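Hi,

Here's the structure I promised to pass on.

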Amino acid sequence: MKTTPHINPQGEFAKTVLMPGDPLRAKFIAENFLENPVLVNNVRGVQGYTGTYKGVPVSVMASGMGIPSIGIYSYELYSFYGVENIIRVGSCGSMQENVKVRDIVLGMGAFTNSNFASQYKINGTIAPIASYKLLSKSVEKAEVLNLNYHVGALLSSDTFYSDSSSLDFAKLGALAVEMEAAGLYLTAQRLNKNALAICTVSDHLITGEETTAEERQKTFTDMITLALEVAISL
Ligand code: HPA
């Protein structure tokens, strides 16, 4: 199979890939949620695995942090490895009172302060949006699993440590801040593929509240279960 600059495939990728930011999270998901996981990429330690969930092939591979990084991995997976659907599974910081720590945010769209979309040379602005198919399936499964979830805009910020406040975006309705969704959505839109970001709220920008390690594990399990249920329904 063809090698690309950031992926040296040691096996097939499934048509749906779950994408956490952290390579160790990818390994954890593969080993604890998938049946028969096989390591299919390890370039730069960005571990990719393919296994099955309830008998259906699913892959998991890390994105790294930030829009440039997820832009690279999603582009290569969509363009060269037959991947149709990428579901980002990550964390975010809430920017709204009613979005509580441990809740799940389904990113219908992604506001951003990034210049990533300038490459398309559009004479105007484009809205990075999720795939409706993935979003509607996620809502359906989140209802079945009885999860606390919100659907709305994420803010994909280029800065974690910022001199300006992300909360300006909250006035326009952004629910929570993270760092990758916009790059993933734009790449999927350009390549006519499907993408969705599902994020658990790990911290709260207004109240300063943070989750404990134990709480993060439980909500992480809920989020991965949701993403896997969506993955096998596609
Ligand atoms: N900012 C950016 N990314 C994040 C945050 C945050 O506060 N929390 C979790 N991911």
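How do the residues lining the second largest pocket divide into nonpolar, polar and charged? The answer is 5 nonpolar, 6 polar and 1 charged, where Ala, Val, Leu, Ile, Met, Phe, Trp, Tyr, Cys and Pro count as nonpolar, Asp, Glu, Lys and Arg as charged, and the others, Gly among them, as polar.

Before the rest, some ground rules. This is a predicted model, with local features needing pLDDT of at least 70 and side-chain atom pairs counting only at pLDDT 80 or more, while totals for chains, interfaces and linings use all residues. Residues are numbered from 1 along each chain as its sequence is written, and side-chain values use heavy atoms, with hydrogens and water left out.

Back to that second pocket: its volume is about 210 Å³, and its lining includes T112, K121 and L186. (A pocket is an open set of points on a 1 Å grid over the protein atoms alone, where a 1.4 Å probe fits, with protein on both sides within 12 Å along at least five of seven lines; lining residues have an atom within 4 Å of a point. A volume is the space filled by probe spheres set on the points, which are joined across faces, edges and corners.)

The largest pocket holds about 790 Å³ of space. Of its 32 lining residues, R88, S91, C92, F160 and S202 lie nearest the centre. β5 gives the most to that lining, with 6 residues (strands are DSSP runs of E, at least two residues, numbered from the N terminus). By type, the lining has 11 nonpolar, 14 polar and 7 charged residues.

The ligand takes up the space of this largest pocket (more than half of its atoms must lie within 2 Å of the grid points). Around the ligand are S91, C92, G93, F160, V177, E178, M179, S202, D203 and L205, each with a heavy atom within 4 Å. β5 again has the largest share, 3 residues of the shell.

As for polar contacts (N or O pairs within 3.5 Å), a ligand nitrogen is 2.9 Å from a side-chain N or O atom of D203, and a ligand nitrogen lies 3.4 Å from a polar backbone atom of G93. Taken alone, the ligand exposes 260 Å², and the protein buries 85% of that (Shrake-Rupley, 1.4 Å probe).

Cheers

Terms used. Polar contact = N/O pair within 3.5 Å; in protein donor to acceptor, adjacent residues only side chain to side chain. Helix = DSSP H or I, 4+ residues; strand = E, 2+ residues; numbered from the N terminus.
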